[in-house]
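Walk through this structure from its loops to its helices, then to its charged pairs. Keep the sequence and the coordinates open side by side.

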Amino acid sequence: LALYGPLFYAVPGTVARLLNTSWIGMIVCGRTYSYLAWFGVAIILYGLARQIGCEASVAAVASLLWLAGAMAWQWAIAYRPDAAALLLSLGALWVYQRRTSSAAVAVTVAFLVVAFLHKQTYIAVWLAIVSIETAQRRWGRAAAMFGGWVVAVGVSIMVTQALSRGAYGKNGFGAVMIWVSPAQVWASLRVAIIRGIAPFAGGWLLSVLSGSDQRLAILRRGYAISFAIAVATSIKAGATINYYLEPLAMACVLSAGLVRRGTDPAAEDLVPRVAIGWLGLAIVMSAMTLWSRVGQVSQWWSAVANHRVIRAQQAQEWDRIVNCLGEWKGGVLVEDLYLAVRQSREMIVLYPQHLEALREAGRFDDTELRQRIAAGGFDAIIASFPLEEKTPARQFPVRWLEAATGHYVMEKRCGWGVHGDAFYVYRPVRGTNEASRLN
């Protein structure tokens with residue numbers, strides 16, 4: 001399953017091919033891409049804060065809230081499209097507010113299209129710009145923004161659909177439209193609010209207090225739209241708090257704007273008091289975040305100082321796992337989503353939980369797969385837990401486990417790490433030694 005836009009895979013993949021890296025090298029390229037984009041977002045937030053009139057020291061608040069918060073940093077090195085899509089989306093907003101020329105409109109649309117082609121939910125800035133242009137009766141610019149984006153995205157989707165022989169629509173749109181319990185919406189929202197309480201509060205406070213300030217109009221609108229999109233889409237299967245990164249970023253800029261309004265001598269009496277109260281909240285939350293990380297400083301320093309030794313140990317560990325897992329001529333069904341990358345071999349890697357959600361929604365028929373499992377059609381099954389163990393933490397659905405029962409026997413256990421983790425190698429009964437061998 002390829003659940004994101006084509007450029008999320010194409011950009012790191014192209015870099016990996018140019019560098020002639022291994023499979024694990026491709027993951028390093030992807031994480032580096034995310035890491036650089038994460039820092040790029042901090043720079044763009046500073047620029048956006050300057051655009052709304054913040055002094056340099058106040059504008060730095062927006063960047064620091066992003067870099068030091070308890071929410072955004074967790075996705076800094078994750079191989080996900082959020083940071084890159086967010087950088088492009090915010091970059092479009094910065095260009096749009098900086099220039100009014102036709103070239104600026106074209107660049108803005110281009111950035112927004114590329115952002116969408118990284119992740120399909122990054123449309124808030126586009127909607128905010130079109131709505132602002134429409135409200136101000138600039139019909140030509142509104143039509144250019146709306147039509148240019150729709151045409152470019154439509155052509156990109158058709159081309160990708162053709163190149164993938166119809167797979168893109170099934171993966172990028174059909175596979176992600178799986179609704180789960182509304183309780184997931186509240187769970188994601190609660191965690192996001194708790195971890196980003198300071199910037200989110202600052203964003204909402206300034207949205208209420210800013211009145212008719214036109215410099216803040218598009219940021220307020222973009223913040224509200226992105227927040228609504230995050231809430232609405234968090235009901236999808238696989239959704240988590242990274243859906244709130246776009247409203248979080250905009251809230252960081254608005255929070256800097258709140259500090260600016262609070263230090264303005266001409267502001268009403270209420271505004272400085274609110275700003276002081278928000279600063280107190282931000283300081284308390286920052287102190288709590290810092291305190292929670294104090295105990296990790298020694299671990300971080302040790303990891304940095306001894307990174308060569310640690311990497312050598314990890315390489316030896318994975319070499320041992322590779323040797324333990326062995327080689328197969330036929331298809332291999334793998335439960336661990338990253339094992340194929342770690343082992344640098346081609347395997348049948350599925351997204352079992354998502355495929356099960358698709359099956360429950362009536363969009364995937366696993367009959368053929370279960371028949372192949374039951375017939376011993378895989379040369380091996382590599383599981384993260386014993387097949388007999390039906391723990392909620394595992395990826396394989398119960399239906400697949402039941403299909404394998406009696407048809408596969410555990411050949412060996414390949415332990416790894418310091419927490420007792422292991423991979424369990426199962427072979428079809430017809431070619432498996434009945435005596436299990438434990439490593």
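Does Arg 137 count as buried or exposed? Arg 137 counts as exposed, because its relative accessibility is 62% and the cut-off for exposed is over 50%. Bear in mind that this is a predicted model.

Stay with Arg 137 for a moment. This residue sits in the loop between helix 6 (124-135) and helix 7. Its backbone stands out as well: Arg 137 has a positive phi of about 60° although it is not a glycine. Most residues other than glycine have a negative phi. Arg 165 has a positive phi near 55° and is not a glycine either. Arg 165 lies in the loop between helix 7 and helix 8 (167-174). With a relative accessible area of 81%, Arg 165 is exposed.

Now step back to the whole chain. The protein chain has 439 residues, and 46% of them are buried. Its secondary structure comes to 19 helices and 6 strands. The C-alpha trace spans about 85 × 50 × 45 Å along its principal axes. The accessible surface comes to about 21900 Å², and carbon and sulfur atoms hold 62% of that. What share of the contacts between residues at least 6 apart in sequence joins residues at least 24 apart? The share is 71%.

Next, look at helix 7, residues 139-163, where Met 158 is found. Met 158 is exposed, with a relative accessible area of 58%.

Helix 15 runs over residues 307-325 and has 19 residues, so at 1.5 Å a residue it should span 27 Å. The end C-alpha atoms are 27 Å apart, which agrees. Which residues of helix 15 are buried? They are Ile 321, Val 322, Cys 324 and Leu 325. These residues cover an arc of only 160° around the axis, so they lie on the same side of helix 15. An α-helix has 3.6 residues a turn, so residues three or four places apart point the same way. The face of helix 15 turned away from the buried side carries exposed residues: Arg 308, Gln 316 and Asn 323. Just after helix 15 comes Gly 326, with a positive phi of about 80°.

Asn 242 lies in the loop between helix 11 (217-233) and helix 12 (245-262). At 1% relative accessibility, Asn 242 counts as buried. Leaving aside residues up to four places away in sequence, Asn 242 touches Trp 75, Arg 80, Asp 82 and Lys 119. The other residue is Thr 289, in helix 13 (residues 270-294). Thr 289 is buried, with a relative accessible area of 14%. The C-alpha atoms of Thr 289 and Arg 195 are separated by 9.3 Å, although the two residues are 94 residues apart along the chain.

Finish with the charged pairs. How many salt bridges are there? The count comes to 9. One of them joins Glu 133 and Arg 141, with the closest N and O atoms 3.1 Å apart. Glu 133 and Arg 141 are both buried. Arg 138 belongs here too: Glu 133, Arg 138 and Arg 141 are linked in a network of salt bridges.

Another salt bridge brings together the side chains of Asp 366 and Arg 370, at 3.1 Å from N to O. Asp 366 is buried, with a relative accessible area of 1%. Arg 370 is partly exposed at 25%.

A further bridge pairs Arg 427 with Asp 379, the closest N and O atoms being 3.5 Å apart. This pair links distant parts of the chain, 48 residues apart. Arg 427 is in strand 5 (residues 421-428). Asp 379 is in the loop between helix 18 (367-374) and strand 3 (380-383). Arg 427 counts as buried, because its relative accessibility is 17% and buried means under 20%. Asp 379, with a relative accessible area of 24%, is partly exposed.

Conventions
Residues numbered from 1 in each chain as written. Predicted model: local features only at pLDDT ≥ 70, side-chain atom pairs only at ≥ 80, totals over all residues. Heavy atoms only, no water. Helix = DSSP H or I, 4+ residues; strand = E, 2+ residues; numbered from the N terminus. Expected span 1.5 Å × (residues − 1). Buried < 20%, exposed > 50% of the residue type's maximum accessible area, 1.4 Å probe, protein only. Arc of directions from axis to C-beta. Contact = heavy atoms within 4.5 Å. Salt bridge = Lys/Arg side-chain N within 4 Å of Asp/Glu carboxyl O. Areas by Shrake-Rupley, 256 points an atom, 1.4 Å probe, with all protein chains shown as cover.
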